[in-house]
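I opened a new structure today and kept notes as I went. Each entry covers one thing I looked up.

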Amino acid sequence: MMMARSLSVLAALALSATAQGFELTSQDIQAGKMMPMAQEYMGFGCEGGNLSPQLAWREAPPGTRSFAVTVYDPDAPTGSGWWHWLAYDIPADARELARNAGDTDTDIAPAGMLQHRNDYGATGFGGACPPVGDKAHRYQFKVYALDVESLEVDPQSSAALVGYMIHAHQIGVAVLEALYKR
């Protein structure tokens, strides 16, 4: 029992050590700051640009075979948060997603990148749209370094299952948390 606990602590430390230096940045959003209206959803009473922000990462852990990017609002009044974006099978040599790469009607995303259905029910990026007058919501932009080239998830599966598969294969994660309120 003690040996198993020691091994899991060592595994957690190893994951942490390999992820040191793995960093997510953006030209469009800043950690702890309000996002511009360009990242607000267009619909559900929101009138923003619905543009996924430019995202860049560096120093991926050794053994990275692909990346996944998610955007999640843990403050959404649903009891389970809100998935705004799930992109995966991003090639291991990619280090950036250009502004608006979350628009599935463009060819901006890296070749091979797949996008899943968000909680708006659409595939691709769905911007911020917190209730009017609610506190500022946190939008967690995360890039995951994965140990597989492809997640091989069914396009009809839930966002939660995609999240599960991402976590099952992550070898590192970098986070940028921005805010938004209306």
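**Entry 1: the disulfide.** I count two cysteines as a disulfide when their sulfur atoms lie within 2.5 Å. By this rule I get 1 disulfide in this predicted model. I noted the general point too: a disulfide is a covalent bond between the sulfur atoms of two cysteines.

Which cysteines form the disulfide? They are Cys46 and Cys129, with sulfur atoms 2.0 Å apart. I checked where they sit in the chain. Cys46 is in strand 3, residues 46-47. Cys129 is in the loop between strand 8 (114-115) and strand 9. I then looked at the torsion about the S-S bond.

Entry 2: I looked up the confidence next. The mean pLDDT of the protein is 91. I found that 90% of its residues reach 70 or more. One stretch needs care: over residues 2-18 the pLDDT is below 50. Beyond near neighbours in sequence, this stretch has 6 contacts in the model. My reminder to myself: where pLDDT is low, the predicted coordinates should not be read in detail.

**Entry 3: the overall layout.** I counted the secondary structure: 2 helices and 10 strands. Along the sequence the pattern is α-β-β-β-β-β-β-β-β-β-α-β. The protein has 182 residues, and buried residues make up 44% of them. The accessible surface comes to about 9,100 Å². Carbon and sulfur atoms own 55% of that surface.

Entry 4: I found an open sheet of 3 strands, in the order 1-4-7, with antiparallel pairing. Which strands are at the edges? Strand 1 (23-25) and strand 7 (96-97) are the edge strands, and each pairs on one side only. Strand 1 pairs with strand 4 (residues 55-58) over 3 bridges, in the antiparallel sense.

**Entry 5: strand 5.** How many residues of strand 5 are buried? The count is 8 of the 8 residues, 66-73, so strand 5 is largely enclosed by the rest of the structure. In a regular strand the side chains alternate between the two faces of the sheet. I therefore checked each face of strand 5 against the cut-off for buried, under 20% relative accessible area. On one side are Ser66, Ala68, Thr70 and Tyr72. On the other are Phe67, Val69, Val71 and Asp73. All are buried, and both faces are covered.

I looked up the partners of strand 5 as well. Strand 5 pairs with strand 6 (residues 82-91) in the antiparallel sense, over 7 bridges. There Phe67 stands opposite Ile90. Strand 5 is also joined to strand 9 by 7 bridges, and these two run antiparallel. In that pair Ser66 stands opposite Leu146.

**Entry 6: two loop residues.** Is Ser157 buried or exposed? Ser157 is buried, because its relative accessible area is 9%. I placed Ser157 in the loop between strand 9 (137-146) and helix 2 (159-169). Its side chain reaches the backbone oxygen of Asp154 at 2.6 Å. Not counting residues up to four places away in sequence, Ser157 touches His116, Arg117 and Val162.

Thr104 is in the loop between strand 7 and strand 8. Thr104 is partly exposed, with a relative accessible area of 42%. Leaving aside neighbours within four places, Thr104 contacts Gln115, Thr123 and Gly124. Thr104 and Gly124 are 20 residues apart in sequence, and 5.9 Å apart from C-alpha to C-alpha.

**Entry 7: positive phi.** Most residues other than glycine have a negative phi. I noted Phe44, which has a positive phi of about 55 degrees and is not a glycine. Phe44 lies in the loop between strand 2 (42-43) and strand 3. Phe44 counts as exposed, at 58% relative accessibility. Glu59 also has a positive phi of about 55 degrees, and is not a glycine. Glu59 sits in the loop between strand 4 and strand 5. Its relative accessibility is 46%, so Glu59 counts as partly exposed.

Technical notes:
Residues numbered from 1 in each chain as written. Predicted model: local features only at pLDDT ≥ 70, side-chain atom pairs only at ≥ 80, totals over all residues. Heavy atoms only, no water. Pairing = 2+ DSSP bridges. Helix = DSSP H or I, 4+ residues; strand = E, 2+ residues; numbered from the N terminus. pLDDT = per-residue confidence, 0-100. Contact = heavy atoms within 4.5 Å. Buried < 20%, exposed > 50% of the residue type's maximum accessible area, 1.4 Å probe, protein only. Polar contact = N/O pair within 3.5 Å; in protein donor to acceptor, adjacent residues only side chain to side chain. Areas by Shrake-Rupley, 256 points an atom, 1.4 Å probe, with all protein chains shown as cover.
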